[in-house]
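Student: I have a chain to look over with you. Can we go through it step by step?
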Amino acid sequence: MIEPFEIQSVIFCSSQRSGSTMMVDDFSVLNGRTKFESHENFCRMMDDGLFDESEWPEIVGRLKDLIRSEREGLFIENIMYDQAKKVSRKISPDQHDAALTPFYSFFRNAVWVQVIRIDTIEQAISKYFASISNVWDRRYIDRDDYNEAIPYDYPELLTHCLWIQKCRQHWNDFFAAHN
C-alpha cells in the first residue's frame, strides 16, 4: 500500500510546450503563490541518478516540510508523462505499470488537470525550437532573435509532433485507468 501525499495538491498533466508551466504560474499567482523551493525537490524526484528508492521517504518528507512552511499547505505542479513515469518507478518499482499506478496512488487526493494544446503543429514547432536553441522559457532570455537561425527540418518536426501525440495518448490512458 502506497501512503498518499496528504497535502492538498493540484497536478497539471501535459507534454512539453503545451503551456502547462504558464498555467501553473497563473494558477499560483491567482492563489497568492509563486514558484517555490519545493519545485526543486519535486524535480529531484524525477532525476533517475540523484537518489535510489530507499531515499524516497526522505525526499517526500522534505517536500512536505517545504510545502507546509512556504505554501500554506498547497502543492501546485505540472508534470510531463515521461517525468511522471520516472516518479512512479521511484515510488514503487514493483507496482509501476503503464497506468502509473504508484504515481496516481501517491497523489490520489489531488485535483488532476490535463493540459492539451489545441494546435499540435505549433506545439511541435515550439518544442523543436526550444530543443535546438536550449531556450525553454522565453522570460530568461533578453534577445528577440534567439531562434531566427534555426533551420526548417520537416523530419525533426514530425518526430516532435508524433512524440506529443504519444504523450497525449499516455495521459488519456492514465485518466481512463484512474477515472
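Tutor: Start with a term: helices, of at least four residues, and strands, of at least two, are DSSP runs numbered from the N terminus. Note that this is a predicted model.

Student: In what order do the elements of the chain run from the N terminus on?

Tutor: The chain holds 7 helices and 3 strands. Read from the N terminus, their order is β-α-α-α-β-α-α-β-α-α.

Student: Which residue of β2 is the bridge partner of S14?

Tutor: β1 and β2 pair in the parallel sense. For S14, the partner in β2 is M80.

Student: Which element gives the most residues to the largest nonpolar core?

Tutor: That core has 22 residues, and F5, I11, F103, F106, F107, W112 and W171 touch the most other members. Elements that give two or more residues include β1, α3, β2 and α7. The top contributor, with 4 residues, is α4.

Student: How many residues are in the second, separate core?

Tutor: Its members include F12, V24, I76 and V115. This core is separate and its residue count is 6.

Student: What percentage of the residues of the chain count as buried?

Tutor: The chain has 179 residues. Its accessible surface comes to about 10000 Å². The share of residues that count as buried is 41%.

Technical notes. Residues numbered from 1 in each chain as written. Predicted model: local features only at pLDDT ≥ 70, side-chain atom pairs only at ≥ 80, totals over all residues. Heavy atoms only, no water. Core = buried A, V, L, I, M, F, W, Y, C linked by side-chain atoms within 4.5 Å. Buried < 20%, exposed > 50% of the residue type's maximum accessible area, 1.4 Å probe, protein only. Pairing = 2+ DSSP bridges. Areas by Shrake-Rupley, 256 points an atom, 1.4 Å probe, with all protein chains shown as cover.
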